[in-house]
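Please keep the sequence and the coordinates in view while reading.

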Amino acid sequence: MSIIEIRGLCFRYSGSEEMVLRNIDLSIDEGEFVLITGPTGCGKSTLLRCMNGLIPHLYSGDYKGSVKVMNLNPVNTPPYIISQHAGMVLQNPENQLFSLSVEGDIAFALENIGLNREEMVKRVETVLKLLRLEEIRKRSPYELSGGQKQKVAIASILALQPKILLLDEPTSSLDPRSAKSIIDALAWLCKDKKLTVIITEHRLDLLVQYLSKLVIMDSGKIVYNDHPRNVFEKISLEDTIIPIPKLIQLVRLLKKEFGFPQSFPLTVEEFVDSLIG
Ligand SMILES: Nc1ncnc2c1ncn2[C@@H]1O[C@H](COP(=O)(O)OP(=O)(O)O)[C@@H](O)[C@H]1O
Ligand SMILES: [Mg+2]
């Protein structure tokens, strides 16, 4: 059963002329790892805001169509309830850190929902372990690296035990190594903990191997929505909506010129396997 079901969603921000989302249909099942990508301004953040109820509660506008998040309608459910099911991690972790220590920060969100102390301690311990933050639990979030800060922000959201994690360009301010470590952690949470992960990102090459769905948007519409292998088999290489990873370009060229490899490798490892296998 779908954990998120969006039908005919259209949205225009108050005071703006332009429709930002145009007839969006999207179903996401439990445990999926979904990337929403596309050029700046195509509506990715707006779509995420519709999934956690920030739209229409914080941002008003013309809203048509239906959104269901674990069978709740964000339009008539308070955002604090939706965010316990679909937690959002923002681009800049600084905006999500408040406390003097890593563990204090994680506990902060739990205090807000009024958990008892015993349950709070249990959840803080669990997420510190999940994201391997135990060694820095007493440190101030402000003295951590960008990658560590983003992990703390993710841990604070996970402590609320959402089924769905929404991340809006969580690695855009990070160096490639920290970005990889965040993405690998997300892939593990998805696979091992059955977390549904929905992320907007430009780093396709780091993500592609983990995705169950690649959604490409352009000017408020979904133009591709399929397994990345199927999208990359179809997408026009002259298409400039998104930068196509170099490996994918090479595979497409080889297939066209030589009918080889027969499979469609998405990573260098899969490519090597296709050569020797
Ligand atoms: N709060 C807002 N009020 C009015 N227009 C907005 C607001 N936020 C975003 N927009 C506009 O909506 C469009 C889509 O923005 P956004 O969803 O942020 O795109 P993306 O995340 O893909 O870059 C852009 O044209 C942007 O200028
Ligand atoms: Mg955005």
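At what angle do helix α4 and helix α6 pack, and how far apart are their axes? The model is a predicted one, and the values discussed here are computed from it. In general, a pair of packed helices is described by the angle between the two axes together with the distance separating them. Here, helix α4, formed by residues 102-112, packs against helix α6, formed by residues 146-158, at an angle of about 35°. The axes of α4 and α6 are 8 Å apart, and the crossing of these helices is right-handed. On the α4 side, the contact is made by Val102, Asp105, Ile106 and Ala109; on the α6 side, Val152, Ala155 and Ser156 take part. Sorted by class, the residues of this contact comprise 5 nonpolar, 1 polar and 1 charged.

Attention may now turn to the ligand. Ligand 1 is surrounded by 13 residues, and the closest are Gly41, Gly43, Lys44, Ser45 and Thr46. The shell comprises 5 nonpolar, 5 polar and 3 charged residues. Which helix gives the most to this shell? That helix is α1, spanning residues 44-51, which supplies 4 residues.

Backbone atoms also approach the ligand. A polar backbone atom of Gly41 is 2.7 Å from an oxygen atom of ligand 1. For Cys42, a backbone N or O atom lies 3.2 Å from an oxygen atom of the ligand, and for Gly43 the distance between a polar backbone atom and a ligand oxygen is 3.1 Å. On its own, ligand 1 has 560 Å² of accessible area, of which the protein covers 65%.

Some features of the backbone geometry remain to be described. Where are cis peptide bonds found? One is the bond from Ile55 to Pro56, with omega near 10°; Pro56 belongs to helix α2, made up of residues 54-57. Another is the bond from Phe260 to Pro261, with omega near -10°. Pro261 is placed in the loop between α10 (246-258) and α11 (268-276).

The phi angle of Asn23 is near 55°, a positive value in a residue other than glycine.

Definitions and conventions: Residues numbered from 1 in each chain as written. Chains lettered and ligands numbered in written order. Predicted model: local features only at pLDDT ≥ 70, side-chain atom pairs only at ≥ 80, totals over all residues. Heavy atoms only, no water. Near = heavy atom within 4 Å. Polar contact = N/O pair within 3.5 Å; in protein donor to acceptor, adjacent residues only side chain to side chain. Areas by Shrake-Rupley, 256 points an atom, 1.4 Å probe, with all protein chains shown as cover. Helix = DSSP H or I, 4+ residues; strand = E, 2+ residues; numbered from the N terminus. Nonpolar A, V, L, I, M, F, W, Y, C, P; charged D, E, K, R; others polar. Axes fitted to C-alpha atoms, helices over the stretch in contact; angles between N-to-C directions. Left-handed = near helix turned anticlockwise from the far one by under 90°. Contact = heavy atoms within 4.5 Å.
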